[in-house]
Amino acid sequence: MLRIGSPEEIEKVRREILSRIDPGKTCISLCTGSACLAAGAGEVMAAFKEEIKKQGLDAVLDTKGTGCPGLCEKGPVVVIYPEEICYLQVKAEDVPEIISRTVIGKTVIDRLLYTDAHTGKKAIYEYEIPFYNKQLRLLIGDNSKIDPRSIEDYLALGGYAALAKVLQTMSPEQVIAEIKQSGLRGRSGSGFLAGRKWDFCRNAHVEADIKYIICNCHEGDPGAFADRRMMEGNPHNVLEGMIIGSYAIGAREAYVFVGDEFARTVENIRIAIGQAEEYGFLGENILGSGFDLTVKVSIDGGGYVLGESTALMASMEGRIGEPRTKYDHATDRGLWAKPTVLNNLQTWANVPLIIKQGADWFGNIGTENSKGTRVFSLSGKTNYSGLIEVPMGMTLREIVFDIGGGIPEGKSFKALQVGGPLGGFVPEGMLDLPVDYEALNEAGLAMGPGLIVADEQTCMVDMVKYYLTFLARESCGKCTPCRDGIRHMLKILHKITEGRGKNDDTALLELLARVQKKAALCALGQGAAGPLLSSLEHFRDEYAAHVEQKRCPAGVCKALSLVRTE
Amino acid sequence: MGKVSLTIDNIKVEAEEGMTVVEAAYSAGIVIPTLCHHEKLKPYTACRLCLVEIESRGRVNLDTACSYPVKENLVVRTNSAEITEIRRTLLELMLSHAPESRELQDYAKEYGANKDRFAKEASFCIHCALCVRYCNEVKGLNAVHFIKSGVRREIAFDPELASRECWRCRECFELCPTEALQAAYVLTEALASAAPSFTQEPD
């Protein structure tokens with residue numbers, strides 16, 4: 001492939017790619033995201049390839065391993081184009097039948113279709129499935145059409161057209177103005193306006209020979225998998241956002257900070273960077289514009305606390321990854337003390353969309369102060385779980401009951417965990433809260449990437465103990481309230497769940513949580529009290545049952561759940 | 001260096017630019033409790049005892065006085081009911097490690113901290129990192145450092161360095177607010193585990 005020398009050529013290349021694709025040719029698209037691979041997608045793909053070879057169908061039938069379309073619960077997911085027939089939980093032994101009955105025979109195999117958990121109704125197409133059609137999939141909707149390891153697939157769908165538009169028609173200042181006007185806010189939780197941050201960095205108060213941008217793809221919340229799956233499923237989209245951002249800010253070096261444990265995510269982003277270099281979207285004189293940029297992958301050493309910005313940058317610099325107190329903004333003194341913009345990958349992923357569709361279009365989606373969509377991972381006790389994308393302003397109830405399909409096995413809903421170990425719990429009575437930065441913050445929650453549903457069989461005291469056990473290991477251990485506060489919270493929770501709780505224990509827990517929230521050094525330490533505080537607020541009766549009656553209402557805490565026989 | 005004037009506990013204080021709030025307060029005879037602060041070492045902000053209320057541009061925040069740079073018109077309040085509760089709880093947490101520490105006991109008296117509030121801990125260390133930072137910043141040796149993370153964080157001596165350097169130094173022991181019991185223990189451990197070739201010439 002030749003290096004693309006100008007923005008105009010991108011459209012030519014796209015047409016050339018499209019001219020090689022026969023839109024009427026059947027293509028079996030199989031999700032090869034981490035979840036579907038774990039469910040056996042690798043064997044299914046091998047079976048398809050073997051069967052196609054055996055039957056000599058190469059000329060009429062393509063296969064494609066794609067990014068995650070979302071319904072991980074029912075993986076491996078197969079979509080057959082051009083009809084868009086959706087098959088779920090496909091196994092290798094189903095493959096000959098899919099080819100003979102659906103591809104050749106043009107009939108649908110009933111047992112592989114989506115079956116609604118409540119009505120028993122079947123759905124043939126993706127758009128008929130409530131899990132999908134209640135979402136607004138602006139960022140992840142293309143995942144099932146894209147092989148994340150093929151830049152041609154991304155280009156075919158109009159990829160890098162936003163970059164072309166920027167380089168052809170926009171100054172860096174205009175790009176920043178557009179992002180500002182769109183109202184795009186950082187997707188990592190605090191929700192700072194992305195355009196303002198970029199502006200600060202472009203006009204940094206310090207003399208700097210170089211500026212950096214960082215894409216934070218370090219997702220450590222237990223149970224959350226939105227960021228890594230998005231990056232894994234469509235890495236070029238994030239990369240395009242980073243290139244546009246670098247142009248706007250004046251950065252010549254950019255980094256993707258990602259955990260080694262997300263092996264496929266790391267592989268896919270590395271492949272994408274290599275391809276972007278080859279096509280001239282990265283490197284020197286990008287598309288003949290005179291703008292240079294290199295993107296490197298920085299592998300983190302593991303550890304939840306590295307998601308905190310000062311710890312993240314310390315880790316990238318090769319120092320111990322622990323937070324520190326500082327009074328300079330990263331946009332003035334960030335990575336290696338140079339002006340730096342650190343944004344979550346979901347923030348970067350929105351950039352090409354905003355450039356293509358315009359700030360006004362983007363500003364119409366969402367609530368007054370929270371614009372666009374938000375990608376979450378939905379998991380726990382719901383009928384359907386996976387990767388979802390919803391417009392800001394959708395209520396948590398709609399997410400749990402309309403998209404997630406409610407609680408399985410006729411059980412009742414107890415709580416929605418929002419924001420991971422630094423977030424909190426939403427009881428039934430608060431489910432009408434919208435996905436909105438201010439609304440969630442006011443409720444003591446955080447805009448984290450993971451939503452976990454708990455049903456009546458979940459013990460809230462036990463769940464808090466789980467999060468604190470996680471944090472006891474993942475805190476860096478530097479400051480007193482976080483290290484020793486968590487230590488003693490856990491000790492008290494162990495006592496309570498083992499039937500040795502005393503009446504003043506809940507007050508002591510509250511004191512520790514209150515002090516930690518105010519006194520801890522970093523956002524992790526301050527947020528670590530979140531699950532405990534919100535469980536004490538909404539599920540105090542469960543603590544009382546454990547402490548006063550020595551009873552675990554959900555029957556989870558073993559020491560309190562023994563049946564006595566006379 | 002220019003001068004800045006700020007208010008600490010309703011007292012006007014003239015300070016040098018570049019000073020921290022703790023330094024400005026000391027210069028005016030106002031004492032803010034500290035444990036991990038040391039004049040020879042960089043601010044570390046870990047013990048959190050020096051948290052004070054800082055009012056700047058109309059916003060009030062809790063921040064560590066040992067690190068906060070003085071600014072013109074800053075308003076600092078070193079005590080409040082909220083701050084007392086925080087300091088008392090922090091002291092109680094630290095006293096679960098080192099109930100005998102003089103320094104902690106003195107502060108405990110001042111803030112009404114109960115040394116038996118929390119269950120006793122096996123390690124004496126309160127993680128002020130004075131030994132670790134002194135060895136790094138002043139001695140340039142890094143013979144003592146932290147290992148592990150979270151609640152398991154603890155100090156440890158590097159056996160090779162310790163057997164070469166720590167015998168004759170041990171200056172860090174004197175800095176320890178908990179009488180260096182933990183340091184003595186882990187140093188002994190390091191020396192015991194040092195390979196013979198580090199400590200003596202072979203026959």
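Biologist: What order do the 4 strands of the open sheet in chain A come in, and is the pairing parallel or antiparallel?

Modeller: In this predicted model, the order is β9-β8-β7-β10, and the pairing is parallel.

Biologist: And which strands stand at the edges?

Modeller: β9 (294-300) and β10 (340-344) of chain A; each has a single partner strand, so one side of each is left without a neighbour in the sheet.

Biologist: How much are neighbouring strands turned against each other?

Modeller: By 20° on average, ignoring direction.

Biologist: How many bridges join β7 to β10 in chain A?

Modeller: There are 5, with β7 covering residues 212-217 of chain A. Within that stretch, Asn216(A) sits opposite Asn344(A) of β10(A).

Biologist: Which strands does helix α14 of chain A touch?

Modeller: Helix α14 (residues 345-357) packs on the sheet against β7 and β10 of chain A, and its direction is at about 90° to that of β10(A). Helix α12 (residues 263-279) of chain A lies across β7, β8 (253-259) and β9, running at about 165° to β9(A).

Biologist: Switching to chain B: is Ala24(B) buried or exposed?

Modeller: Buried, because 25 other C-beta atoms lie within 10 Å and the cut-off is 20 or more. Ala24(B) belongs to helix α1 (residues 21-27) of chain B.

Biologist: What does Ala24(B) touch, leaving out residues up to four places away in sequence?

Modeller: Leu6(B), Ile8(B), Val13(B), Ala15(B), Met19(B) and Val70(B).

Biologist: What about the domains of chain B?

Modeller: The assignment gives domain 1 (3-79), domain 2 (82-111) and domain 3 (130-199). The C-alpha centres of domain 2 and domain 3 of chain B are 25 Å apart.

How values were computed:
Residues are numbered from 1 along each chain as its sequence is written. Chains are lettered from A and ligands numbered from 1 in the order in which they are written. This is a predicted model: local features need pLDDT of at least 70, side-chain atom pairs count only at pLDDT 80 or more; totals for chains, interfaces and linings use all residues. Domain bounds come from an automatic or database domain assignment. Two strands pair if DSSP finds at least two bridges between them. Helices (H or I, at least four residues) and strands (E, at least two) are DSSP runs, numbered from the N terminus. Axes are lines fitted to C-alpha atoms, for helices over the stretch in contact, and angles run from 0 to 180 degrees between N-to-C directions. Two residues are in contact if their C-beta atoms, placed from the backbone, lie within 7 Å. A residue is buried if 20 or more other C-beta atoms lie within 10 Å of its own, exposed if 12 or fewer, and partly exposed in between; C-beta atoms are placed from the backbone.
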